[in-house]
Amino acid sequence: MMNSLQLLRQHCATLLMLSLVSIVLLGCKSVTTNDTVDYKSAGAVRGPNLSYPPDLITAQADRRYIVQDGSATMSEYNAAVKKSVQTRKNVMTGIPGMRIARDGERRWLVVEKPAPELYPQIKDFWQENGFLLVIDSPSTGIMETDWAENRAKIAQDFIRNIVGGALDSIYDTGERDKYKTRLEVSKPDETEIYITQRGAIEKCTTDSTGSCISTIWTARPNDPELEAAFLARLMERLGMTQEMAKAQVAAPLGPKTPNAKLVQQGVNTAYIEIAAGFDRAWRDTGLALDRSNFTVEDRNRANGIYYVRYVNPKDLGDTKGFFTNLFSSKDDSSLKAKKYLVVVKSTGDSSSSVYVQNADGKPENTAAGLQLLTLLTEQMAR
């Protein structure tokens, strides 16, 4: 159901468009689409610049298509993107040995190819789909997109079909998405590729009469189907036919057996007990980190360590919470991100444990450590 903010925008857009129909009708084309995912049409200059949350500030952002001094034009930007896409299409070759692996609602791609060869192709894939990268780290195999709007969610009503893109910027879904991609080397010459989505939605704050007086951004539940859609697109990008890619992704998901349990010892001492061997425990921990408000700076699979940063919403000092700053350009809150070690240890052939340590490698026996483990356990149970 459309919220009051969206209804207000729709009403305003309709009034403006009706006044222009007689002018635009002669030169406009009808716009229709059956695609459920379309971030590309949002455009690089549409609306205010939406930056990423303060815990994800990084010097590794891809700057190729970001205007530095204001002298670049939109036509130059489009030309650069078109040239990059054409270049990649000319050199792209298919990759054999791709398959979708799954566990419950989780899907990931397994490719019989070394990670260093796949990374640049996956990077180009995101840029070709209309995203800017705010994390671009070949050394860790991690990349993350900026927040973007899925324009395919905007209803194709009669007025919008007539006017087309003339006043397209008036329409807004009130939703934003970002995607994290992580490449994991499971065995020599075989790479696991994980795509995880995070969402935000704009909601009204109301007064005593129920009228919308302002809006705030809040977290939106993770959408596994969006992840699946981009996995299928990536398989096409790597050389598989569209029909085969969609068929693999659409295969029925099996039930997930709950295997993670939070164990508390005393007030703050705790760890996660996982009824699985190290390989699965390592994978589940990585996915839980990807889907939570963590930034993985590095990882050491041999030692079972994820090096992460985490921003506690309570530490931001804003009564409206973390997502108030979601699209803010201010970066002073990034100073409140703390570093932790998330350690996965094998305790048997079919059992493992996960601990949280501070930046010095000592047990994080604090309320913060318990909170981190609780968040990870909740994600693992989904």
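Which residues does tryptophan 126 touch, not counting residues up to four places away in sequence? In this predicted model, tryptophan 126 touches Phe131, Leu133, Met143, Thr145, Tyr179, Thr181, Ile195 and Phe230. The protein has 382 residues, of which 48% count as buried, and its secondary structure comprises eight helices and 13 strands.

**Overall figures**

- The protein exposes about 19100 Å², and carbon and sulfur atoms supply 54% of this area.
- Contacts between residues at least 6 apart in sequence include 65% that join residues at least 24 apart.

**Nonpolar cores**

- The largest nonpolar core contains 31 residues.
- Within this core, the residues with the most contacts are Leu109, Trp126 and Phe230.
- At least two residues of this core come from each of β1 (98–103), β2 (106–111), α3 (115–128), β5, β6, α5 (224–237) and α6 (242–250).
- Helix α5 gives the most to this core, with seven residues.
- Another core, of 27 residues, lies apart from the largest one; among its members are Ala270, Ala288, Val308 and Leu370.

**The open sheet and its helix**

- Six strands form an open sheet with antiparallel pairing, in the order β8-β9-β13-β12-β11-β10.
- The edge strands of this sheet are β8 (260–265) and β10 (294–300), each of which pairs on one side only.
- From one strand to the next, the twist averages 25 degrees.
- Strands β8 and β9 (residues 269–274) pair in the antiparallel sense over six bridges; leucine 262 has isoleucine 272, in β9, as its bridge partner.
- Helix α7 (residues 278–290) packs on the sheet, where the helix touches β9, β10, β11 (305–310), β12 (338–348) and β13 (351–358).
- The direction of α7 makes about 155 degrees with that of β12.

- The phi angle of aspartate 189 is near 60 degrees, a positive value in a residue other than glycine.
- Aspartate 189 counts as exposed because its relative accessibility is 54%, and exposed means over 50%.

Methods
Residues are numbered from 1 along each chain as its sequence is written. This is a predicted model: local features need pLDDT of at least 70, side-chain atom pairs count only at pLDDT 80 or more; totals for chains, interfaces and linings use all residues. Side-chain values use heavy atoms; hydrogens and water are left out. Buried means under 20% relative accessible area, exposed over 50%, partly exposed in between (1.4 Å probe, protein chains only). Two strands pair if DSSP finds at least two bridges between them. Helices (H or I, at least four residues) and strands (E, at least two) are DSSP runs, numbered from the N terminus. Axes are lines fitted to C-alpha atoms, for helices over the stretch in contact, and angles run from 0 to 180 degrees between N-to-C directions. Contact means heavy atoms within 4.5 Å. Accessible areas come from the Shrake-Rupley method with a 1.4 Å probe; for residues, only the protein chains shown count as cover. A nonpolar core is a set of buried Ala, Val, Leu, Ile, Met, Phe, Trp, Tyr and Cys residues joined through side-chain atoms within 4.5 Å.
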